[in-house]
Amino acid sequence: MTMGKILPKVIDVAAWTGNWPFLKLRYTELPALKAKLQSLGVQQALVAPIEAILEQDPMRANRDLLEATLGDAFFSPVLVVDLSYANWAEVVELAVQDGRVRILKLLPNYHMYDVSEAVLEPLVKLTQQHRLLISLQMRVEDKRGMYPLLDVDDLDIVRVVKVLSYFPEQLFVISNPVIAELAQVLNSVDNVHVELAGLEHVDIIEHLKELYTLDRILFGSHAPFFIPESVLAKLKYTDASQADVEQVAYGNAERLLEWCGK
């Protein structure tokens with residue numbers, strides 16, 4: 001294993017802010033999260049509101065996030081859309097009006113709706129019209145560490161990929177997948193990116209390059225649920241080339257965000 005790579009730039013596509021009722025997390029407030037990520041070389045973070053996961057309606061948390069990130073170019077707000085709620089289109093409208101939003105995040109397992117073509121099609125019509133990315137959260141926590149009464153299953157990756165293949169013109173991000181799920185994604189569809197926070201291997205960058213390609217791998221910290229230093233270490237301590245590391249650290253994300261035109 002080589003010495004630590006220099007990371008001239010990192011774009012974090014999967015950070016969170018706010019409080020999680022079942023676990024005391026660090027860096028939950030935006031100033032603390034920003035200081036920690038910047039200390040590790042992150043220059044931009046796409047951040048979603050934790051409270052929108054469990055509140056009955058994510059609108060309040062989304063509005064608070066937009067207000068809290070105003071005037072701070074470090075953060076790009078990610079709004080949570082609950083497709084089981086009749087007002088979900090209002091969240092998309094809020095994102096469009098704000099102008100800074102590039103990703104809408106879906107948590108079907110927490111919000112208790114099926115991942116299907118019929119459910120996603122109305123959303124995809126709007127996201128394609130406004131050039132917004134869609135993130136599907138495979139899991140927030142490992143089931144083994146969940147609060148016992150919070151028994152939330154992971155999404156079914158086979159079902160997810162099958163549904164996303166129906167929308168080839170829409171770009172998607174699979175958030176917090178595990179390594180066993182990658183073959184279903186990277187070998188099956190071309191319009192889906194994955195972030196590496198939950199991918200575990202001795203040298204994950206080199207491993208992914210050998211098995212697949214790096215052009216759809218994104219850096220995401222999943223902070224504050226994960227310790228950001230441990231995720232950054234996947235980029236720093238690898239036998240992959242500097243060019244490969246920079247592609248995952250920021251190159252792929254820049255290209256993906258350019259699709260949004262913002």
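**Figure 1. Helices α1 (30-39) and α3 (59-68) each supply at least two lining residues to the second largest pocket.** Helices here are DSSP runs of H or I with at least four residues, strands are runs of E with at least two, and both are numbered from the N terminus. What you're looking at is a predicted model, in which local features need pLDDT of at least 70 and side-chain atom pairs count only at pLDDT 80 or more, while totals for chains, interfaces and linings use all residues. Residues are numbered from 1 along each chain as its sequence is written, and side-chain values use heavy atoms, with hydrogens and water left out. Helix α3 gives the most to this pocket's lining, with five residues. The pocket has 14 lining residues altogether, and Thr17, Gly18, Glu29, Glu51 and Asp64 sit nearest its centre. A pocket is an open set of points on a 1 Å grid over the protein atoms alone, with protein on both sides within 12 Å along at least five of seven lines, and lining residues have an atom within 4 Å of a point. Its volume is about 200 Å³, meaning the space filled by probe spheres set on the points, which are joined across faces, edges and corners. Sort the lining by class and you get six nonpolar, four polar and four charged residues. (Asp, Glu, Lys and Arg count as charged; Ala, Val, Leu, Ile, Met, Phe, Trp, Tyr, Cys and Pro as nonpolar; the others, Gly among them, as polar.)

**Figure 2. Here is the largest pocket, holding about 320 Å³ of space.** Look for Val140, Glu141, Asp142, Asn176 and Phe226: of the 17 residues in the lining, these lie nearest the centre. Charged residues account for seven places in that lining, alongside eight nonpolar and two polar ones.

Figure 3. Unlike a pocket, a cavity is a set of grid points where a 1.4 Å probe fits but cannot get out. The largest cavity has a volume of about 30 Å³. Around it you'll find Val13, Ala14, Ala15, Trp16, Leu46, Ala48, Val78 and Lys105. Strands β1 (10-17) and β2 (42-49) each provide at least two of the lining residues, and β1 has the largest share, with four.

**Figure 4. Leu136 and Leu235 touch the most other members of the largest nonpolar core, which has 98 residues.** Helix α11 (residues 242-260) is the top contributor to this core, giving nine residues. (Such a core is a set of buried Ala, Val, Leu, Ile, Met, Phe, Trp, Tyr and Cys residues joined through side-chain atoms within 4.5 Å.) Zoom in on Leu136 and skip its neighbours within four places in sequence: its contacts are then Leu106, Val115, Leu155, Val160, Leu164, Phe172, Val173, Ile174 and Ser175. Contact means heavy atoms within 4.5 Å.

**Figure 5. Gln44 belongs to strand β2.** Is Gln44 buried or exposed? With a relative accessibility of 17%, Gln44 counts as buried. (Buried is under 20% relative accessible area, exposed is over 50% and partly exposed is in between, with a 1.4 Å probe and protein chains only.) If you set aside residues up to four places away in sequence, Gln44 touches Val10, Ile11, Asp12, Ala73, Phe74, Ser76, Arg102 and Leu257.

**Figure 6. Arg255 sits in helix α11 and Arg159 in helix α7 (residues 157-164).** Arg255 has a relative accessible area of 40%, so it is partly exposed. Beyond its neighbours within four places in sequence, Arg255 is in contact with His193 and Asp215. Along the chain, Arg255 and Asp215 are 40 residues apart, while their C-alpha atoms are 9.8 Å apart in space. Arg159 is partly exposed because its relative accessible area is 33%. Which residues does Arg159 contact, leaving aside its neighbours within four places in sequence? They are Val115, Ser116 and Glu117. Arg159 and Cys260 are 101 residues apart in sequence, with 26 Å from C-alpha to C-alpha.

**Figure 7. Zooming back out, the protein's secondary structure comes to eleven helices and nine strands.** The C-alpha trace spans about 50 × 40 × 40 Å along its principal axes. Out of 262 residues, 56% count as buried. Take the contacts between residues at least 6 apart in sequence, and 75% of them join residues at least 24 apart.
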